[in-house]
Amino acid sequence: QVQLVESGGGLVQAGGSLRLSCAASGNILSFDVMGWYRQAPRQQRELVASISREGVTNYRDSVKGRFTISRDNAKNTVYLQMNSLKPEDTAVYYCRATVYGSRGSWGQGTQVTVSS
């Protein structure tokens, strides 16, 4: 029942940077994991990065060293800093809040387009 609102997407040239924000309507520490996913046209939605309640982060291999997930608990907001962007990063990026054993809650997504 949490509401998640993503923002910060846009059009950027290859090599540029964007910072995405995910604002939650409740305490993000209520969730086991907060994550960023992305979905390109005609492709499956895939995990990009996640951060656990304990602060442990993980990243898919293709973004390691380029993307950083972080959070501001006081603002109930999770961020995804994306540097050295590549055209293959183009996708709709979604925020997800998960409690283990339950279905996750999704935001509506924000478009990231990286031009070459």
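Biologist: Which residue in β8 is the bridge partner of Asp72?

Modeller: Strands of a sheet pair through backbone hydrogen bonds, either parallel or antiparallel. Strands here are DSSP runs (E, at least two residues; helices are H or I, at least four), numbered from the N terminus, and two strands pair if DSSP finds at least two bridges between them. In this case, Asp72 has Thr77 as its bridge partner in β8. β7 and β8 are paired in the antiparallel sense over six bridges. The model is predicted, so local features need pLDDT of at least 70 and side-chain atom pairs count only at pLDDT 80 or more, while totals for chains, interfaces and linings use all residues. Residues are numbered from 1 along each chain as its sequence is written, and side-chain values use heavy atoms, with hydrogens and water left out.

Biologist: What is the strand order of the open sheet of four strands?

Modeller: The order is β1-β3-β8-β7, with antiparallel pairing. β1 and β7 (67-72) are at the edges with a single partner strand each, so one side of each has no neighbour in the sheet. On average, neighbouring strands of this sheet are turned by 15° against each other, direction ignored; the axes are lines fitted to C-alpha atoms (for helices, over the stretch in contact), and angles between N-to-C directions run from 0 to 180 degrees.

Biologist: How many bridges join β3 to β1, and how many join β3 to β8?

Modeller: β1 (residues 4-7) is joined to β3 by four bridges, with Leu4 opposite Ala24. Six bridges link β3 to β8 (residues 77-82), again antiparallel; there, Ala23 has Thr77 as its bridge partner.

Biologist: Is Thr77 buried or exposed?

Modeller: Burial is read from relative accessible area: buried is under 20%, exposed over 50%, and partly exposed in between (1.4 Å probe, protein chains only). Thr77 has a relative accessible area of 8% and is buried. Contact means heavy atoms within 4.5 Å; leaving out residues up to four places away in sequence, Thr77 touches several residues, including Cys22, Ile28 and Ser70. β3 (residues 18-24) is mostly covered as well, with five of its seven residues buried.

Biologist: Which cysteines form a disulfide?

Modeller: A disulfide is a covalent bond between the sulfur atoms of two cysteines. The criterion is a pair of cysteine sulfur atoms within 2.5 Å. A search of the whole structure gives one disulfide: Cys22 and Cys95, with sulfur atoms 2.0 Å apart. Cys22 belongs to β3 and Cys95 to β9 (residues 91-98), so the pair ties together parts 73 residues apart in sequence. The torsion about the S-S bond of Cys22 and Cys95 is about -80°, so this disulfide is left-handed. Cys22 and Cys95 are both buried.

Biologist: Which residue in the turn of the β5 and β6 hairpin has a positive phi?

Modeller: Gly55 does, at about 95°, in a hairpin with four residues between the strands. β5 and β6 (residues 57-59) run antiparallel, joined by three bridges, and Ala49 is partnered with Tyr59 in β6. β5 (residues 46-52) also pairs with β4 (residues 33-39) over six bridges, antiparallel, with Met34 opposite Ile51. The hairpin of β4 and β5 has six residues between the strands, and Arg42 takes a positive phi near 65° there.
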